[in-house]
Amino acid sequence: MSDDDKTKLTRPRPVRESISEMVEIVLPNDANPLNALLGGRLMHWIDLAGAMAAHRHSRTYVVTASIDHMDFLVPVRVGDFVVLRSSVNRVFHTSMEVGVKVWVENYRSQQNRHVSSAYLTFVAIDAAGNRMAVPPVIPQTEDEKRRYDGAARRREIRRAESARRKEVRS
Ligand SMILES: CC(C)(COP(=O)(O)OP(=O)(O)OC[C@H]1O[C@@H](n2cnc3c(N)ncnc32)[C@H](O)[C@@H]1OP(=O)(O)O)[C@@H](O)C(=O)NCCC(=O)NCCS
């Protein structure tokens, strides 16, 4: 790889370069016997939408290290569209926090409702599975700056929780 290519890979990138959108139609196989979307299926889509933003920002392979607490606010029915938007909130060293927001779109009533929001942490790795440093992300809009600041607070909470769980296990 040339020095020029290396510089391109490690240069800081604005949040907008990671923004990703994914849309799914809820089919019977995604639902419970009452035709409501399974929570596990939505979590799978959230993981994929989050990974897209992480890949776009880091331009390498990533693994999901954690998914924060999630609420499912409204039911989603067979035939609805599920819209997932994701972007990188903040980069630490080898890890990055990605936010995913999910809406349900009912095209008959033209109604959009907020279903869930999630914060995921992805760790960048190379093809051999070694962790890699991730280029910084540059927040530019007010919302991006708010999410960037929030990500540092959430990382502290995650670390404290993780330390507490380790203590309980030992
Ligand atoms: C995630 C993983 C790479 C972390 O490896 P590790 O040896 O614990 O690494 P470290 O403790 O050195 O942490 C590396 C980074 O991950 C972050 N991290 C580790 N565990 C984390 C967790 N539970 N939540 C959030 N971030 C976490 C650390 O904060 C650190 O970030 P930084 O480099 O930006 O400061 C490792 O646990 C792993 O491979 N897990 C399996 C991932 C996977 O397969 N996911 C798919 C679902 S099965």
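Does Gln-110 count as buried or as exposed, and how many C-beta neighbours does Gln-110 have inside 10 Å? Keep that in mind while we walk through this predicted model.

Start with the overall plan. The protein chain has three helices and seven strands. Read along the sequence, these elements follow the pattern α-β-β-α-β-β-β-β-β-α. The C-alpha trace spans about 55 × 45 × 35 Å along its principal axes. The chain has 170 residues, and 30% of them count as buried. Now take contacts between residues at least 6 apart in sequence. Of these, 74% join residues at least 24 apart.

Next, look inside. The largest nonpolar core has 30 residues. Ala-54, Val-88, Val-98, Val-100 and Phe-122 have the most contacts within this core. Four elements each supply at least two of the core residues: helix H2 (39-58), strand E4 (81-91), strand E5 (95-106) and strand E6 (111-125).

Eight of the 11 residues in E4 are buried, so the strand is mostly covered. Strand E2 (residues 20-25) pairs with E4 in the antiparallel sense, over six bridges. In this pairing, Ser-20 stands opposite Ser-86 of E4. E4 and E5 also run antiparallel, joined by 10 bridges. Here Arg-85 has Lys-101 in E5 as its bridge partner. A hairpin of three residues leads from E4 to E5.

Now zoom in on Val-88. Set aside its neighbours within four places in sequence. Val-88 is then in contact with Val-15, Ser-18, Ala-53, Ala-54, His-57, Met-96, Val-98 and Val-137. Three of these names return in helix H2, where Ala-53, Ala-54 and His-57 are among the buried residues.

Stay with H2. Other buried residues in this helix include Leu-42, Ile-46, Ala-49 and Met-52. How far apart are the end C-alpha atoms of H2? They are 28 Å apart.

Most residues other than glycine have a negative phi. Asn-35 is not a glycine, yet its phi is positive, near 65°. Asn-35 lies in the loop between E2 and H2. It has 15 other C-beta atoms within 10 Å, so Asn-35 counts as partly exposed.

Gln-110 brings us back to the opening. Its phi is also positive, about 55°, although Gln-110 is not a glycine. Gln-110 sits in the loop between E5 and E6. It has 7 C-beta neighbours inside 10 Å. A residue is exposed if it has 12 or fewer, so Gln-110 counts as exposed.

Note on methods: Residues numbered from 1 in each chain as written. Predicted model: local features only at pLDDT ≥ 70, side-chain atom pairs only at ≥ 80, totals over all residues. Core = buried A, V, L, I, M, F, W, Y, C linked by C-beta atoms within 7 Å. Buried ≥ 20, exposed ≤ 12 C-beta atoms within 10 Å, placed from the backbone. Contact = placed C-beta atoms within 7 Å. Pairing = 2+ DSSP bridges. Expected span 1.5 Å × (residues − 1).
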